[in-house]
Amino acid sequence: MLESVSASSPVKKRRIDTASDNSSISASGSSSSSVVHMASGNSNGQEIDEDLHSRQLAVYGRETMRRLFASNVLVSGMHGLGAEIAKNLILAGVKSVTLHDEKAVELWDLSSNFVFSEDDIGKNRADASVHKLQDLNNAVVVSSLTTSLTKEDLSAFQVVVFSDISLEKAIEFDDYCHTHQPPIAFVKADVRGLFGSVFCDFGPEFAVLDVDGEEPHTGIIASISNENQAFVSCVDDERLEFEDGDLVVFSEVEGMTELNDGKPRKIKSSRPYSFTLEEDTTGYGAYVKGGIVTQVKQPKLLNFKPLREALTDPGDFLFSDFAKFDRPPLLHLAFQALDRFTSEAGRFPVAGSEEDAQQLISIATSINAGQQGDLKVENVDHKLLRNFSFGAKAVLNPMAAMFGGIVGQEVVKACSGKFHPLFQFFYFDSVESLPSEPLDSSDVAPRNSRYDAQISVFGAKFQKKLEDARVFTVGSGALGCEFLKNMALMGVSCGNQGKLTVTDDDIIEKSNLSRQFLFRDWNIGQAKSTVAASAAAAINPKFNIEALQNRVGAETENVFDDAFWENLTVVVNALDNVNARLYVDSRCLYFQKPLLESGTLGAKCNTQMVIPHLTENYGASRDPPEKQAPMCTVHSFPHNIDHCLTWARSEFEGLLEKTPAEVNAYLSSPVEYTNSMMSAGDAQARETLERIVECLDKEKCDNFQDCLNWARLRFEDYFVNRVKQLIYTFPEDAATSTGAPFWSAPKRFPRPLQYSSSDPSLLNFITATAILRAETFGIPVPEWTKNPKEAAEAVDSVIVPDFEPRKDAKIVTDEKATSLTTASVDDATVINDLIAKLERCRHNLSPDFRMKPVQFEKDDDTNYHMDVISGLANMRARNYSIPEVDKLKAKFIAGRIIPAIATSTAMATGLVCLELYKVLDGGHKVEAYRNTFANLALPLFSMAEPVPPKVVKHRDMAWTVWDRWVLKGNPTLREVLQWLEDKGLNAYSISCGSCLLFNSMFPRHKERMDKKVVDLARDIAKVELPPYRHHLDVVVACEDQDDNDVDIPLVSIYFR
């Protein structure tokens, strides 16, 4: 179970193009380009481990990764925030991370730093961090620095990050970084209780090479007018996503060939399927057909101010919560006041100290009095500053996790120019997370506990609530690892009454290690939940955690039974698919348990709080389904590489997995198998039998040369003969029934390929295909296949028969068709003939003959799977003049790889854990909760109050989707009807599952009136009620006294 945004995400899941990382665009004349290019200048020596970084490559691309590999970063301040930032950078794979801190580890630090244990108390914080952080990625050089920093020390780094520094020192260091040649990117980040801030300065001129990380938008042209300000219309295959002012380039335009010069052109009046070109085309050739229009992504130059100037002229603050639009200027003031307080007092304000709070408020008021213009705060919120003062010393884990993700991403931007930097201040608070009841000063006093920092903000009574919580975490992939770490540090389920259950049925793979940070390379192949639980318990030995390897679903309700769900305090999802999310949502809805939901997609993340009776449930709203290409497009008329890869994976699975599996099913039970095929008697059964007969008869392989012959003939069939047949049936000048050209956009006219062993891509494809064919037959692969010359000679020896197109060939062109197999009146006869052939084939086989189906595995580069799939796709792309892709890009698309990075994962889990405080407190109203959508690439933070559930009213009653009506005492059907009638409801239908137990329209149903509902469910609905089940649920359709339908809750009938 890995993390993802799945179809439930509020963002459109566009695939991210890594083959053409836009970082190649340079910004001449900018000093910041030297920063970016310095990072890439000496990076060629290090190869990218694509198995390890595949999910990250899908976000960043190779060029950005190379720049990261060449970047040296300083992280100063190794409390919880510094550790989180360093963790994310080491997982990302920068060249080196130097950890700086002059202070020693205190018990206080264990509230937020996952690296420290009690054994580290008294050691230098940087020294104590090195070993455990180094374990995250041995390719990154991790070192410590424990002496006082000088400005000159900073010149060894491309980026410096300070998370525990005075404002005076920060200004001094930033001045040096800003004027250094080339500039050194400077980031200052602070987490103080439930308040946080980030400041970025990447130099006087910084080139952003790719502002959003999205692949360039494209459109397929339908027409272009000959006029000044030409009007361009595109086919309605997919909406255009251009914006006014975008630059675009044209290609493959026939007729108006002047546009194919590769020159970027500006557009305006952009609409869903058209736009206007700011160019006079009256003198150009008349448009005939074809053409692709592609957005050109432009670099952007940012002029950062140094911290000294930005403090008094901060520009626009980055907002996160528009319910707090007036908050950033106040926090800008608060952090300056705190810095002055600590420099004067030599310490942080004491938690619960009214005297210290008043002193900080006085300082803030004094600073504000000297402010000018928009920076002056009209009403200084004393209550907010009081809360700020009380928690100022504490670094809370959820805040550290959230800001560790944000700052980690800013460092990646500084190293690479990928994504738009934070420009320049960001402030955030989560005061809503505080307990709903006021805290007593004695409750926030230190207890000589590892949770003292958290207790200073939330109090000891609330800490007990955390420790006694019974939590169910579903999934222990990237999100799950972060959640377990966060909750171990927070003390969740660490008390005598507490328990956290984590389940995940997946095992650890190498590609997990770049973001699922609780795992190491020696854990590959082990159960995720077991390893994650063990690692989390090492962070906090008092963590009461149980690891299971069960998938959560209807099939495991004997494991996760009613008693299990009823005993929970909260459920935290860390899942990677919508169906599992919906199932967990339904269980939480049924048992009225809070559900904290989150997901990531590359640099994007979203969180959703599902709180009983306060918010709508997860399943209440859905994203529209993703658009699927019609079957005929994929199989005969592809017009982009996605179509080619979809077809390639389908063919791979059909040839190498499904057909061998069908062969084995037949050989294991010949009589039952053939009987089922005769019973089906349809075109699909006929086609399946034809494939089995082919596999065991004329295409059966007895040695490797047979496999090579088969692969070579497959090439001929796919890329030569089928194309010849297609263009014979539909010549280039073919017309539709309306007289329109058949080969009009988006269709692309194909050309057959000519095989040549001198083309390594063709030879490699045929060799890889033959190797996998040999695997299905259990045939050893000879050594000579590794010698291209010998392999080419073997392939060239294959006799390829001539092909003549058939006049009666049927090619599906209907976009609504769901099958390429056409039914025939002779299907039954043909099936009988095929079965007879099969029997003859079976008698020629040894009794123990079985094939070995090949199941697609994208993450093993030595298994030839992606060689075959990328080969199939690229040969097909070559047929249709579609740009080809490399194997890595093919893996992303065909393997349906979800782009993922550690930074967005960390931020999502931090945000969720801030909400967890509210859930476990139990006294918050819906206005206090927040759902979040964020995109670190832009950056964008959008926080909103959750949507409340829909309320249904009847008489003096009201209910929502969260309500369930319970009827105990093992009632009869009559008693249920009477119970409802007493509420003013006439029940006319009662069903259990898909079976009708009662309907008032059926007279015979009145005979059931005095039977127990549970007996009706057993007898009629055939419901199995295991010993652990004490009730069953029925759906009741009701009307009120005026015959209006009334939607009532699910009714639970208790019979035990």
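**Close-up views of a predicted model**

**View 1. Ala364 within helix 9.** Ala364 belongs to helix 9, which spans residues 354–369; helices (H or I, at least four residues) and strands (E, at least two) are DSSP runs, numbered from the N terminus. The structure is a predicted model, in which local features need pLDDT of at least 70, side-chain atom pairs count only at pLDDT 80 or more, and totals for chains, interfaces and linings use all residues. Residues are numbered from 1 along each chain as its sequence is written, and side-chain values use heavy atoms, with hydrogens and water left out. Ala364 counts as buried because its relative accessibility is 0%; buried means under 20% relative accessible area, exposed over 50%, and partly exposed in between (1.4 Å probe, protein chains only). Leaving aside neighbours within four places in sequence, Ala364 is in contact with Leu333, Ala337 and Leu385, where contact means heavy atoms within 4.5 Å. The C-alpha atoms of Ala364 and Leu330 are separated by 9.0 Å, and these two residues are 34 residues apart along the chain.

View 2. Leu996, Met1001 and Phe1002 make a nonpolar surface patch of about 310 Å². Patches are made of residues with over 30% relative accessible area and no salt bridge; like charges are joined within 9 Å, and nonpolar side chains (Val, Leu, Ile, Met, Phe, Trp, Tyr) within 5 Å. A salt bridge is a side-chain nitrogen of Lys or Arg within 4 Å of a carboxyl oxygen of Asp or Glu. Accessible areas come from the Shrake-Rupley method with a 1.4 Å probe, and for residues only the protein chains shown count as cover. Phe1002 is located in the loop between strand 28 (995–999) and helix 30 (1013–1019). With a relative accessibility of 40%, Phe1002 counts as partly exposed.

**View 3. Two cis peptide bonds.** The peptide bond from Phe423 to Gln424 is cis, and its omega is near -5 degrees. Gln424 is part of the loop between helix 11 (397–416) and strand 15 (425–429). Ala745 and Pro746 are also joined by a cis peptide bond, with omega about 10 degrees. Pro746 sits in the loop between helix 22 (704–729) and helix 23 (760–777).

View 4. Asn448, a residue other than glycine, has a positive phi near 55 degrees. The loop between strand 15 and helix 12 (452–458) holds Asn448, which is exposed because its relative accessible area is 67%. Lys1022 is not a glycine, yet its phi is positive, at about 55 degrees. Lys1022 lies between helix 30 and strand 29 (1031–1039), in a loop, and is exposed, with a relative accessible area of 61%.
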